There are 2 protein chains.
Amino acid sequence: MENFVEIVCVGNELLIGKIANTNAQWLAKRITTLGLKVRRVTVIGDDVGEIAAAIRESLERKPSFIITTGGLGPTFDDKTLEGIATALNCELEQNDEALKMIEETYQRYVAEGRMEKFELSPHRVKMAKLPKGAKPICNPVGTAPGVLAEHEETLLIMLPGVPQEMEAIFDESVASLIREVAGDLTFYEVSIEVRGIPESDLAPVIDEVMRDNPYVYVKSHPKMSEKVPHLELHLSTTSEDANLARQRVSRGLIQMSETIQKKGGKIKPIET
Amino acid sequence: MENFVEIVCVGNELLIGKIANTNAQWLAKRITTLGLKVRRVTVIGDDVGEIAAAIRESLERKPSFIITTGGLGPTFDDKTLEGIATALNCELEQNDEALKMIEETYQRYVAEGRMEKFELSPHRVKMAKLPKGAKPICNPVGTAPGVLAEHEETLLIMLPGVPQEMEAIFDESVASLIREVAGDLTFYEVSIEVRGIPESDLAPVIDEVMRDNPYVYVKSHPKMSEKVPHLELHLSTTSEDANLARQRVSRGLIQMSETIQKKGGKIKPIET
């Protein structure tokens with residue numbers, strides 16, 4: 001069974017369209033580059049029942065990792081840890097290591113003159129109440145620690161919703177865990193822009209290139225047409241051998257380019 | 001039971017982080033404004049089994065609408081209709097009305113000089129193969145029709161992945177269906193920027209405002225702090241009476257502002 005990752009994003013702001021889910025995009029890109037496949041992204045609101053249901057459903061698919069974003073902060077609507085505890089049938093427990101991390105961050109804020117003083121109010125202590133058995137992960141740029149929990153063969157990793165905090169914790173503490181599971185797999189991709197051929201006329205060409213290049217996945221992304229048909233073709237592959245991956249994609253690209261030019265289409269590369 | 005909507009986005013490009021899911025954001029914002037709640041967004045890849053599983057799971061939660069994006073085009077990896085048919089245990093069937101829509105669009109392209117000629121190739125006919133009993137929805141700006149299917153009390157609406165096409169079909173043919181179910185409900189929101197108070201010190205203020213204003217939902221969005229703590233507070237409510245909605249949010253906002261200013265915080269409004 002192939003190793004894969006699921007992403008679960010928590011936040012009403014995503015469900016009312018207040019913001020785009022850039023966290024999911026950032027994580028998906030990073031995880032793909034590290035060599036693992038993201039199989040599903042689920043977005044739910046700040047609700048313990050919804051979070052617990054989404055996590056339980058995800059656990060049933062037996063991913064190597066479930067990575068959540070959002071809901072770790074001090075306010076009443078930060079409910080991710082309670083949702084995870086419910087899904088794992090365990091209690092929330094004050095974690096001394098997490099509390100120490102939180103305390104040290106606020107002490108640093110005071111030392112840097114960003115706050116006058118601080119107390120460990122109940123709202124701050126809340127961020128140290130983790131599902132029993134879970135471990136905090138250091139947040140180098142914010143107050144709420146990330147959290148790591150295990151369930152059968154799945155590692156659950158809870159990250160904050162503030163993009164800079166999420167990204168910093170991922171790069172510092174999560175990427176290495178993913179790389180370990182991915183092994184030497186690398187993802188290689190190339191994109192080209194094609195003008196002058198409608199997608200429905202390219203469809204048989206894509207079929208042919210994929211038949212002749214069994215390891216290469218080709219996806220067409222039609223762009224809104226002005227007068228001239230216009231689309232992006234994305235060729236990608238995953239392999240343990242980076243050179244082989246590049247060769248496979250290049251071979252597919254050459255075949256594709258030749259056929260498109262024969263049909264009168266215009267091509268140029270796009271940065272991925 | 002409250003009426004709600006689920007959004008299911010299909011596309012490998014979303015799972016490799018190639019693009020942000022702006023379609024989900026656009027739909028969520030529009031649906032919220034029309035008065036219905038989006039309960040979940042699910043993103044899966046171009047795979048019949050994954051699509052069918054996500055749709056079946058969504059149907060079990062009994063939403064009023066499931067809106068899908070992506071996977072309606074002419075290429076091999078456009079698999080949404082096959083996934084829906086699998087989920088609904090029915091066959092794909094060539095739909096004459098859909099085929100006529102597709103034919104007319106290409107005829108128009110030829111008349112406008114955007115194509116020299118066209119034939120109804122198998123890849124073009126593919127876009128007219130709908131789950132049995134489903135109906136095509138006119139696509140005013142592209143070739144693949146939207147699709148409408150029913151299952152028990154859920155309306156399934158399949159939209160293309162190209163944003164302009166998805167938006168045009170939604171505005172022309174879907175918004176009215178949602179408004180009908182939403183009735184007179186309206187969503188009202190206000191956002192303010194707060195500087196100078198850490199989120200963990202605002203948490204008890206938010207608790208208080210929400211206790212005193214039971215219909216108003218307050219959510220804090222911490223921004224990455226420079227030296228000064230900095231966050232956004234978002235107050236919202238849904239009501240059948242637009243005036244009442246505005247009054248309720250305004251009352252919450254006034255109470256919130258007074259307390260924040262007493263604590264030395266600085267406030268300014270943000271456009272939503």
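Colleague: Happy to look at this with you! Which residues in α4(B) do B:Val48, B:Ile51, B:Ala52, B:Ile55 and B:Arg56 in α3(B) meet?

Modeller: Welcome! Keep in mind that this is a predicted model. Contact here is judged by C-beta atoms within 7 Å. By that test, the partners in α4(B) are B:Thr80, B:Glu82, B:Gly83, B:Ile84, B:Thr86 and B:Ala87.

Colleague: How do the residues of the contact of α3(B) with α4(B) divide?

Modeller: Gly is counted with the polar residues in this grouping. The contact of α3(B) with α4(B) then splits into 6 nonpolar, 3 polar and 2 charged.

Colleague: Which element gives the largest share of the side of chain B that touches chain A?

Modeller: Let's start with the whole contact, which takes 49 residues from chain B and 49 residues from chain A. Elements giving two or more residues to chain B's side include α2 (22-33), β2 (37-44) and α8 (199-212). The largest share, 7 residues, comes from α2(B).

Colleague: What is the bridge partner of A:Arg40 in β2(B)?

Modeller: Strand β2 (residues 37-44) of chain A is joined to β2(B) by 5 bridges, and the two run antiparallel. In β2(B), A:Arg40 has as its bridge partner B:Ile44.

Note on methods:
Residues are numbered from 1 along each chain as its sequence is written. Chains are lettered from A and ligands numbered from 1 in the order in which they are written. This is a predicted model: local features need pLDDT of at least 70, side-chain atom pairs count only at pLDDT 80 or more; totals for chains, interfaces and linings use all residues. Two residues are in contact if their C-beta atoms, placed from the backbone, lie within 7 Å. Helices (H or I, at least four residues) and strands (E, at least two) are DSSP runs, numbered from the N terminus. Two strands pair if DSSP finds at least two bridges between them.
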